[in-house]
Amino acid sequence: MSRQSRNPFLRLPVCEGNDVIQRLIHADHILEISENDERSCNIELVNGKIYLVEFDLKTMELLLNQAFGHELARPSRDL
């Protein structure tokens, strides 16, 4: 039986000005994730910084679940 080890760091494509750079963000430091548009989302960290990330909410869900090794996040669905 293989055991998945937890890797709490996410390498995310973050917009800075007109550039998209890869930034390493610790998953434990994410306070809130909100949709910006259908292809990007805003990530707020516990230190107050907010990043625009070029991933949609579904991709962020998968990355967080992988980082924690179990289902942790699921974007809310319209009822």
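Predicted model: local features only at pLDDT ≥ 70, side-chain atom pairs only at ≥ 80, totals over all residues.

Visitor: Where is the place of Ser40?
Guide: Ser40 lies in strand β4.

Visitor: Is Ser40 buried or exposed?
Guide: Ser40 counts as buried, because its relative accessibility is 2%, and the cut-off for buried is under 20%.

Visitor: Which strand pairs with β4 over six bridges?
Guide: That is strand β3, residues 30–37, which pairs with β4, residues 40–45, in the antiparallel sense. The two strands form a hairpin with two residues between them.

Visitor: Which residue stands opposite Cys41?
Guide: Glu35 stands opposite Cys41 of β4.

Visitor: And what about β5; how many bridges join β4 to it?
Guide: Four bridges join β4 to β5, residues 50–53, and these strands run antiparallel. Within β5, Tyr51 is the bridge partner of Ile43. β4 and β5 also form a hairpin, with four residues between them. Gly48, in that turn, has a positive phi of about 95 degrees.

Visitor: Changing topic: how many disulfides are there in the whole structure?
Guide: A search of the whole structure finds zero disulfides.

Visitor: Is Cys41 buried or exposed?
Guide: Cys41 counts as buried, because its relative accessibility is 0%.

Visitor: What does Cys15 count as?
Guide: Cys15 has 22% relative accessibility and therefore counts as partly exposed.

Key
Residues numbered from 1 in each chain as written. Heavy atoms only, no water. Disulfide = S-S within 2.5 Å. Buried < 20%, exposed > 50% of the residue type's maximum accessible area, 1.4 Å probe, protein only. Pairing = 2+ DSSP bridges.
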